[in-house]
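Student: Could you walk me through how to read a few features of a model? I'd like the general idea, then the case at hand.

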Amino acid sequence: MTFRTRNFEDLNVTTAKLGAIAQGNFLANAWDGTVANSVANVNVIGGIPVVHRVVAIAASDVNVVLTHKTRVLDVIVVAKGSQAGGTITVKKTATAITDAIVCATDTAVTFAGTIDDAQHEIAAGGTLRVTAAGVATSAEVYIIGVRVA
Amino acid sequence: MTVRTRNIEDLNITSAKLEAAIALTQAQVVANSFDGTIAKNAANVNIIGGIPVVHRVTCTTLTGDVDVVLTHKTRVLAVHCVATAAGGGGDTVTVGNGASAITDAMDLNVGDKVVVRAATVDDAQHEIAAGGTLRVSGASAVNAEVYITGIRVA
């Protein structure tokens, strides 16, 4: 006898009934940091980093209200224009996490020179802020982090 | 009667048939199997962080190009090289979008183990289309591990 789906009126597939699922069983191009596990101190298995990308706005702040607690590990700035003395600072709301990263020459890549470990964790609901100093400062800003408990 | 898998001809466990509250745990994912195929495109000012991807290319006395034809559109964020032997005059690595340079020519005339980062990324070239070529160009028989970090983009 062959059973069809219609013969199973109350079939419930719980996680216990599923085996290992291959990547092909998941929707492609659909995952973000939602699924990333929190990364503990002295973690044995490497965690998945997350990236926020922000186009900086000259002489302004760009705010991102995070839905997941995140520790900032590094910041990369790719300048999109030239501005003598231009800088990018990544902050936890109004408090700086990084130094003022030089952003002065088109196409130049610069990195955070300092990260304040008293400020580097932004709570869920907290604000990740990218502050551009300089009236012509333009940049792609990449903030690399990990989720933390 | 006991119903076994072989008794079921057309049972498909699609998303529509899964319980709304079902949560697939990490233990149900094949270990060591996820790559950028499932990574979502990262938009500007994304609220939930995107998943970066890394391409690694070993350069062994490389003079010429190593080409990687990408299956997914990718923006190159950063590149760094780890020298695997002491360099010599003229040793460089350049990462390109086909024949167009994305990075500067990174100077690998450095000591063994030294990390050299891309100093420039051209935002006119940094996005490589699906089917496009990520190119690592080496000069003067350069020895290095090259790591290209990117994100998928629309």
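This is a predicted model: local features need pLDDT of at least 70, side-chain atom pairs count only at pLDDT 80 or more; totals for chains, interfaces and linings use all residues.

Student: How many aromatic pairs turn up over all chains?

Tutor: One aromatic pair. The ring centres of Trp31(A) and Phe34(B) are 4.7 Å apart, and because their planes sit at 65 degrees, the pair is edge-to-face. Trp31(A) is in the segment before β1 (50–56) of chain A and Phe34(B) in the segment before β1 (53–69) of chain B, so the pair joins two chains.

Student: Which residues line the second largest pocket?

Tutor: Trp31(A) shows up again, among them, along with Phe26(A), Ile13(B) and Leu24(B). The lining splits into eight nonpolar residues, three polar and no charged, and the pocket's volume is about 370 Å³.

Student: What about disulfides, how many are there over all chains?

Tutor: The general idea is that a disulfide is a covalent bond between the sulfur atoms of two cysteines. A search of the whole structure turns up zero. Take Cys81(B): its nearest cysteine sulfur belongs to Cys59(B), 7.2 Å away. Cys81(B) is buried, at 0% relative accessible area.

Student: Where does the charged end of Arg117(B) sit?

Tutor: Over the ring of Phe111(A), 4.5 Å from the ring's centre.

Note on methods: Residues are numbered from 1 along each chain as its sequence is written. Chains are lettered from A and ligands numbered from 1 in the order in which they are written. Side-chain values use heavy atoms; hydrogens and water are left out. A disulfide is a pair of cysteine sulfur atoms within 2.5 Å. Buried means under 20% relative accessible area, exposed over 50%, partly exposed in between (1.4 Å probe, protein chains only). On a 1 Å grid over the protein atoms alone, a cavity is a set of points where a 1.4 Å probe fits but cannot get out, and a pocket is an open set with protein on both sides within 12 Å along at least five of seven lines; lining residues have an atom within 4 Å of a point. Grid points are joined across faces, edges and corners, and a volume is the space filled by probe spheres set on the points. Ala, Val, Leu, Ile, Met, Phe, Trp, Tyr, Cys and Pro count as nonpolar, Asp, Glu, Lys and Arg as charged, and the others, Gly among them, as polar. Rings of Phe, Tyr and Trp (its six-membered ring) pair if their centres lie within 6.5 Å; planes under 30 degrees apart count as stacked, over 60 as edge-to-face and the rest as tilted. Helices (H or I, at least four residues) and strands (E, at least two) are DSSP runs, numbered from the N terminus. A charge sits over a ring if NZ of Lys or CZ of Arg is within 6 Å of the ring centre and within 35 degrees of the ring normal.
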